[in-house]
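Q: I would like to learn how to read salt bridges in a structure. Could you walk me through some cases?

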Amino acid sequence: MPQLPAPAYPDDVRARLETDAKEIISRYPGSRSALLPLLHLVQAEEGHVTRTGMQFCADMLDLTTAEVTAVATFYTMYRRAPSGDYQVGVCTNTLCAVMGGDAIFESLQEHLAVGNGGTTDDGKITLEHIECNAACDFAPVVMVNWEFFDNQTPESAKRLVDDLRAGAQVSPTRGAPLCTFKETARILAGFPDEREGAVEASGSAGPASLIGLRLAKGETPPARVVHPRTEVVDGDAPHEPSPGEHLSSHDAPQSTSASDPSHPAGPAAEEGE
Ligand code: FES
């Protein structure tokens with residue numbers, strides 16, 4: 001049976017989105033290249049990519065809805081169902097998983113009473129597994145609306161989601177200030193983030209990421225990197241946070257395999273040794 005046409009946007013919404021879409025399309029030599037940002041634009045409108053949004057993209061780009069649907073369903077950054085104000089993504093790729101990502105995900109599932117892709121009853125949090133976000137040096141990583149929360153533990157992650165649900169001030173470990181999922185989608189559509197301090201805060205690499213660069217330059221790397229934004233300690237006297245000290249609003253105490261004397265790092269032993 002043929003599918004019914006997608007419901008239309010109200011006239012005022014359609015007119016506003018058309019203005020934005022034309023601005024996005026004008027940035028590309030071929031209009032169809034604008035499909036990915038246009039999908040973010042319609043996601044910013046309704047919080048997920050609806051049939052109405054896909055029809056709008058098809059109309060604006062002279063594509064079929066089948067072509068738009070094929071792209072929208074391929075990329076996991078486009079949501080196909082209503083979701084929460086905050087997408088809490090727990091990296092469960094290999095490094096984060098072994099550093100505690102799996103434990104964080106399990107504890108958040110239990111704490112929030114939702115499964116992968118589920119949204120809490122208050123509409124605040126959508127929990128999901130995410131793939132590696134190239135922040136392995138800060139593992140295990142949790143991302144909220146694609147902002148980084150580094151070096152998490154089950155306890156720090158539970159505190160994070162509790163504060164998000166309560167509307168408390170929450171600051172990512174690094175990068176731009178946190179905003180809602182819809183606001184994030186509009187930024188990803190290519191509209192500038194005009195919040196105070198957002199531009200200055202974005203795009204910075206943390207010290208743990210820069211160790212390789214320092215080694216390549218022949219410099220001596222720090223014995224241990226403690227905190228990516230506020231405190232870096234070089235040399236032989238690593239900083240140990242005092243009891244109760246948290247290095248940003250939601251960082252966990254720093255504890256890595258380097259602090260585990262029963263599992264010292266080093267080259268693997270040859271067979272037969
Ligand atoms: S494995 Fe988690 S950020 Fe790379």
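Predicted model: local features only at pLDDT ≥ 70, side-chain atom pairs only at ≥ 80, totals over all residues.

Q: Which parts does the salt bridge between aspartate 122 and arginine 165 tie together?

A: In this pair, N and O are 3.0 Å apart. Aspartate 122 sits in the loop between helix 5 (94–112) and strand 2 (125–130), while arginine 165 belongs to helix 6 (residues 154–166), so the bridge ties together parts 43 residues apart in sequence. Aspartate 122 is partly exposed at 38% relative accessible area, and arginine 165 is partly exposed at 30%.

Q: Are arginine 174 and aspartate 150 buried or exposed?

A: Both arginine 174 and aspartate 150 are buried. They form a salt bridge whose closest N and O atoms are 2.7 Å apart. Arginine 174 lies in the loop between helix 6 and helix 7 (181–188), and aspartate 150 in the loop between strand 4 (147–149) and helix 6, so this pair links parts that are 24 residues apart in sequence.

Q: Where do glutamate 155 and lysine 158 lie?

A: Both are in helix 6, 3 residues apart, which is about one turn of the helix. Glutamate 155 counts as exposed, at 52% relative accessibility.

Q: Which residues are linked in a network of salt bridges?

A: Look at Arg14, Glu18 and Asp59: salt bridges join them in a network.

Key. Residues numbered from 1 in each chain as written. Heavy atoms only, no water. Salt bridge = Lys/Arg side-chain N within 4 Å of Asp/Glu carboxyl O. Helix = DSSP H or I, 4+ residues; strand = E, 2+ residues; numbered from the N terminus. Buried < 20%, exposed > 50% of the residue type's maximum accessible area, 1.4 Å probe, protein only.
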